[in-house]
Amino acid sequence: MSNHFKIIIPFYNVEKWIRVTINSVKSQEYTDYQCILIDDVSSDNSSRVAEDCIKGDSRFKLIKNTDKKFVLENLIMGIDIASPKSEDIIVILDGDDWFSMKMTLSVLDREDN
């Protein structure tokens with residue numbers, strides 16, 4: 001049985017890295033995932049870069065906070081928005097982190113893990 005992944009990415013002022021982060025998710029061989037990006041009131045162009053990267057991909061949703069929530073509240077909000085089922089797997093990435101290989105979700109999906 002395949003898993004469904006809920007990837008939560010809270011970020012703040014990561015204009016330099018957010019494209020790499022999103023592209024590492026989009027390049028996964030395993031494609032059964034939902035990705036929630038949460039901009040915590042960035043003062044740079046992080047949100048615009050994220051919007052450009054996810055345009056047209058329904059697996060992605062961008063939330064733009066209007067007031068600062070900080071990491072923990074953003075994670076809780078992201079999980080709530082993702083509405084995971086008990087069998088879903090939640091994966092958390094920071095806005096300046098990324099999957100190091102295209103097989104990351106495939107490896108996590110293996111039954112012997």
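Tutor: One definition to start. A helix crossing is right-handed if the near helix is turned clockwise from the far one by less than a right angle, and left-handed if it is turned anticlockwise. Keep in mind that this is a predicted model.

Student: Is the crossing of α1 and α2 left-handed or right-handed?
Tutor: Take the two helices first. Helix α1 covers residues 18-26 and helix α2 covers residues 46-54. Their axes come within 9 Å. Where they cross, the sense is right-handed.

Student: Why does α1 count as roughly parallel to α2?
Tutor: Look at the angle between the axes. Angles under 35 degrees count as roughly parallel. The axes of α1 and α2 cross at roughly 25°. So α1 and α2 are roughly parallel.

Student: Which residues of α2 make the contact with α1?
Tutor: Start from the α1 side. That helix brings Ile18, Arg19, Ile22 and Lys26. By class, the whole contact has six nonpolar, one polar and two charged residues. On the α2 side, the residues are Ser46, Val49, Ala50, Cys53 and Ile54.

Student: Is Thr104 buried or exposed?
Tutor: Thr104 belongs to helix α4 (residues 104-109). Beyond four places in sequence, Thr104 touches Gln28 and Phe99. Its relative accessibility is 15%, and the limit for burial is under 20%. Thr104 is therefore buried.

Student: What distance separates the C-alpha atoms of Glu29 and Lys102?
Tutor: Glu29 lies in the loop between α1 and β2. With a relative accessible area of 53%, Glu29 is exposed. Its contacts beyond four places in sequence are Lys102, Met103 and Ser106. Glu29 and Lys102 are 73 residues apart along the chain, yet their C-alpha atoms are separated by 5.8 Å.

Student: How far apart are the C-alpha atoms of Ser106 and Gln28?
Tutor: Ser106 sits in helix α4. It is partly exposed, with a relative accessible area of 25%. Leaving aside neighbours within four places, Ser106 is in contact with Glu29 and Tyr30. Ser106 and Gln28 are 78 residues apart along the chain, and their C-alpha atoms are separated by 8.0 Å.

Student: What is the phi of Phe70?
Tutor: Most residues other than glycine have a negative phi. Phe70 is found in helix α3 (residues 70-82) and is exposed at 55% relative accessibility. Phe70 is not a glycine, but its phi is positive, at about 70°.

Student: And what is the phi of Ser83?
Tutor: Ser83 is placed in the loop between α3 and β4 (89-92). At 51% relative accessibility, Ser83 counts as exposed. Ser83 is not a glycine either, and its positive phi is about 45°.

Key: Residues numbered from 1 in each chain as written. Predicted model: local features only at pLDDT ≥ 70, side-chain atom pairs only at ≥ 80, totals over all residues. Heavy atoms only, no water. Axes fitted to C-alpha atoms, helices over the stretch in contact; angles between N-to-C directions. Helix = DSSP H or I, 4+ residues; strand = E, 2+ residues; numbered from the N terminus. Parallel < 35°, antiparallel > 145°, perpendicular 65-115°, else oblique. Contact = heavy atoms within 4.5 Å. Nonpolar A, V, L, I, M, F, W, Y, C, P; charged D, E, K, R; others polar. Buried < 20%, exposed > 50% of the residue type's maximum accessible area, 1.4 Å probe, protein only.
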